[in-house]
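I opened this notebook to keep track of what I looked up in a structure that was new to me. The entries follow the order in which I went through it.

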Amino acid sequence: MADKAQFQDRLLSLGLARVSEAAAIASARLIGRGDEKAADQAAVNAMRDQLNLLEIDGTVVIGEGERDEAPMLYIGEKVGTGTGPAVDIALDPLEGTTLTAKDMPNALTVIAMAPAGTLLHAPDTYMEKLAIGPGYRPGTVTMNMSPSERVSALASAKGVSTENITVCVLERPRHEDLIDEIRSTGAAIRLITDGDVAGVMHCAEPEVTGIDMYMGSGGAPEGVLAAAALKCMGGQFFGKLLFRNDDERARATKAGITNFDRVYTRDDLVRADVIFAATGVTNGSLLTGIRREPGWITTETILMRSKTGSVRRVTYRSPL
């Protein structure tokens, strides 16, 4: 019984890929249809159905919202057959609902799994995020640095000028000052309209994506998913919760957060080995989107295990 209850990441990883693939395939028919809610719901339904086939005692810790806000895949929902290891699950059935509805790049389905009690129960608030790729010493960049200092420090560590650094930033009015300061260093900015999990993941493969660093604020739950990805791919991640009102502070307290000023590292957010899967819905820098041919549908999934550092790219072709 003791062995059965262990987190068998190698055995569970292919099952996690199937979960991610199913959500992507379900949302495929809604790419470019302009209906964000329908695309998201299709992905949610498919992801939940597949999760419930896995032999796990799973608890959703990052999901579609609080129980009274989401009918399924809500925070605290139990998933799986209940007969396997106890696990925490963080998911975004469709990261980039707007991207999907408008047929824009980098929409993904995303899911991570780790032993029970090891993923931060991030409240539904904003988080200031900072990420760089692998190969840099600890402390190369910090939250205490200004944006321009971070660019200079990373350029120095990389052995290039600041003009050779590219920073990914979510395009929002709140980031106008951040964008101005980054550009004052001579660095380039890759603006994204949505999907900051993918934005952070881009830092882990700068030679492929051309992105060296991620900066800016976005959803805290997505921060945990991004940290899970970087724990597998390599790289540094820092996050600090941001609160706009007392209701958000109450959400954080309910989630067990006691220090509102804490800067979380990657390994604070994901405290044990994790497996991570993401499937492309629309074409992007990291993954090819859903391809439909007469009678067939093809997906590409990135499947990763932090325990071994393995990164697999899985192509799945299925008859329609």
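**Entry 1, ground rules.** I note that this is a predicted model, in which local features need pLDDT of at least 70 and side-chain atom pairs count only at pLDDT 80 or more, while totals for chains, interfaces and linings use all residues. Residues are numbered from 1 along each chain as its sequence is written, and side-chain values use heavy atoms, with hydrogens and water left out. For the elements I rely on DSSP runs numbered from the N terminus, with helices (H or I) of at least four residues and strands (E) of at least two.

**Entry 2, strand pairing.** I looked up strand S4 (residues 108–115), taking strands as paired if DSSP finds at least two bridges between them. S3 and S4 run antiparallel and are joined by seven bridges, with leucine 91 standing opposite isoleucine 111 in S4. S4 is also joined to strand S11 (residues 275–280), again antiparallel, by six bridges, and here threonine 109 stands opposite threonine 279 in S11. I then asked how many of the eight residues of S4 are buried. Seven of them are, and the strand is mostly covered, where buried means under 20% relative accessible area, exposed over 50% and partly exposed in between (1.4 Å probe, protein chains only).

I found a parallel pair in strand S6 (residues 166–170) and strand S7 (residues 188–192), which five bridges join. Between the two, the chain passes through helix H5 (residues 176–184), and this β-α-β crossover is right-handed, a term for a path that runs clockwise from the first strand over the helix to the second when the strands point away from the viewer. Within the pair, valine 167 has isoleucine 189 in S7 as its bridge partner.

Which residues of the largest nonpolar core touch the most other members? I noted Met201, Tyr214, Phe237, Leu269, Phe276 and Met304, out of 48 residues in that core; such a core is a set of buried Ala, Val, Leu, Ile, Met, Phe, Trp, Tyr and Cys residues joined through side-chain atoms within 4.5 Å. Helix H8 (residues 220–233) gives this core its largest share, ten residues. Apart from it I found another core, of 38 residues, including Val44, Leu54, Ile111 and Leu303. Returning to leucine 269, I listed its contacts (heavy atoms within 4.5 Å): leaving aside neighbours within four places in sequence, they include Thr118, Leu119, Met127, Val224 and Phe237.

I read off a space of about 760 Å³ for the largest pocket. Its lining holds 33 residues, of which Asp92, Glu95, Thr97, Gly219 and Glu222 are the closest to its centre. The largest share of that lining, four residues, comes from S3. For the term itself, I worked on a 1 Å grid over the protein atoms alone, where a pocket is an open set of points at which a 1.4 Å probe fits, with protein on both sides within 12 Å along at least five of seven lines, and lining residues have an atom within 4 Å of a point.

In the loop between H3 and S4 I looked up aspartate 103, whose phi is near 55 degrees, a positive value in a residue other than glycine. Asparagine 106 has its place in the loop between H3 and S4 as well, and its phi, near 75 degrees, is likewise positive in a residue other than glycine.

Leucine 242 belongs to strand S9 (residues 236–242) and counts as partly exposed because its relative accessibility is 31%. Not counting residues up to four places away in sequence, leucine 242 touches Thr125, Tyr126, Met127, Glu128, Ser217 and Glu248. Valine 311, in strand S14 (residues 310–319), is partly exposed at 40% relative accessibility. I checked how far valine 311 lies from cysteine 232: the two are 79 residues apart in sequence and 7.7 Å apart in space, C-alpha to C-alpha.

Note on methods
Grid points are joined across faces, edges and corners, and a volume is the space filled by probe spheres set on the points.
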